[in-house]
Amino acid sequence: MTDKKIVLKESDIPKQWYNIVPDLPHPIPPFIEAETGQPGVGIVPKIFPKAIIGQEISQERWIDIPDEVRDVYKIWRPSPLFRALNLEKALKTPAKIYYKYEGVSPPGSHKANSAVPQAYYNMKEGITRVTTETGAGQWGSALSFAAGMFGLEATVYMVRASFDQKPYRKAMMNAFGAECVASPSNKTEAGKRILAEDPDSKGSLGIAISEAVEDSLESEKTGKKANYTIGSVFNHVCMHQTVAGLEAQKQFAMVDDYPDEIYGCIGGGSSFSGLFWPFYYDKVSKKAPKETNFFAVEPTACPKVTRGYYTYDHGDTAKLTPLVPMHTLGHDFMPAPIHAGGLRYHGIAPTISVMSQEKQLSTIAVNQVDAFDAAKIFTRSEGIIPAPEAAHAIKAVCDEARQCAKTNTQKTILFALTGHGFFDMTAYEEYFNGRLQPYEYPAEKVAESMKKLRALYPWLNEVTTKYIG
Ligand SMILES: Cc1ncc(COP(=O)(O)O)c(C=O)c1O
């Protein structure tokens, strides 16, 4: 009989993270400082601990996971790999579908995989408070949990739209001991500026990042330095997430199988990276038994890779961060209020942009109604209510599995089930009441933002051509 759940022992928790940087098809272009138009990292050294900066720029392929971090990982890791037998039946597909389920972590998603080491390294360097932003609330909950594990205070700026839609996320952060503030807020200059322009602003991740970064920078003056922590995009975050892919490799070996295709949703790209990077390493080191293909799935409401420009842009709305080489919709991107899922960040991990440019991965855009349709099939067959973010990947997987049924192909498909959707029931309710719409972000809006970006930095095209090509 085929096992439904493939489980590892605590001793199987990886002892090292995998860093893709030395194996990329070409190096990641440098960050650029807005003031000079020259390579530089701007405020980065002021807001992160040294250990994290070291990891961010590391060329090492394998980086040790501290024992203290592995001890906290033991609360939920190794996470199970499920064979989606009932989904396969529901789709009448010969494909074998597997999912790596990260919803078993205390905050309910993969985000804890990076929150724990980030809190740990801050604690080790004597920091007593950390700040961050959160969109849908998963990263804020994870950071709150991790900060609590290492005795740190945490301040989380939560995008106003989600703060209002998901009050229990705030309660969860409070339960872990953190403060959760609706963004834009009056606590920061960036927040005040936005509220002065639009007192009813629903916020965005870009705005919330500006607030969390400003809080960290300003804390210097108080004598009690708070560091900023980031939930996605940066290399070190994607690297921390590789515990999922490394475990999945061991789990596939247990059932003598190997994925032909790997799918994951992309917000900033960390969970998908964490799952596929180790398999990419198999490929480049010629250990892979198959020519595995990788598929990143994004919402049509925030199509940064499929519709965005691969150029330089700020990571935040207030332009505090240096310019990052990535696909972007523009740092002034405002998510559509009707959009229910997360994945609403204007940019993407520079590693994903490099891989996409080099055609090492494909990107698919999915609308939210189709994503929730797929989530419904998944819930009713597999019995787990997926986070709306992960539902985007499920939609792409269902399409592929149906295609396999048509062509009678027995592909092995793996996807990241990044979290459960227990705090997203308002979105599910809207879906069941027929109020969700298949929103598509207009190409003209992207062009408009890019025009503004070029007006702001007349050297942008030149710098993009020089470093990105
Ligand atoms: C459940 C879940 N999955 C996926 C994502 C997307 O983030 P990333 O692309 O960094 O994994 C988020 C972001 O908040 C999330 O909460």
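## Basis of the model

Residue numbers start from 1 in each chain and follow its sequence as written. The model is predicted: local features need pLDDT of at least 70, side-chain atom pairs count only at pLDDT 80 or more, and totals for chains, interfaces and linings use all residues.

## Domain arrangement

The protein chain comprises domain 1 (77-108 + 235-458) and domain 2 (112-228), with bounds taken from an automatic or database domain assignment. Their centres, taken over C-alpha atoms, are 24 Å apart. Contact, defined as C-beta atoms, placed from the backbone, lying within 7 Å, joins 29 residues of domain 1 to 26 residues of domain 2.

On the side of domain 1 that touches domain 2, the elements giving two or more residues are α11 (235-240), α12 (242-254) and α13 (270-284). Helices (H or I, at least four residues) and strands (E, at least two) are DSSP runs, numbered from the N terminus. This side has 13 nonpolar, 14 polar and 2 charged residues; Ala, Val, Leu, Ile, Met, Phe, Trp, Tyr, Cys and Pro count as nonpolar, Asp, Glu, Lys and Arg as charged, and the others, Gly among them, as polar.

## Sheet and packing helix

An open sheet of mixed pairing is formed by 7 strands in the order β1-β4-β5-β15-β10-β11-β14; strands pair if DSSP finds at least two bridges between them. The edge strands β1 (5-6) and β14 (362-366) each have a single partner, so one side of each is left without a neighbour in the sheet.

Strands β10 (residues 261-265) and β15 (residues 412-417) pair in the parallel sense over 3 bridges, and Ile262 stands opposite Leu414 in β15. Helix α13 packs on the sheet, touching β5 (96-101), β10, β11 (293-299) and β15. The direction of α13 makes about 160 degrees with that of β10, where axes are lines fitted to C-alpha atoms, for helices over the stretch in contact, and angles run from 0 to 180 degrees between N-to-C directions.

## Ala375

Helix α15 (residues 368-382) contains Ala375. This residue counts as buried because it has 28 C-beta neighbours inside 10 Å; the threshold for buried is 20 or more other C-beta atoms, placed from the backbone, within 10 Å. Beyond neighbours within four places in sequence, Ala375 is in contact with Pro386, Pro388, Ala391 and Ile394.

Methods: Two residues are in contact if their C-beta atoms, placed from the backbone, lie within 7 Å. A residue is buried if 20 or more other C-beta atoms lie within 10 Å of its own, exposed if 12 or fewer, and partly exposed in between; C-beta atoms are placed from the backbone.
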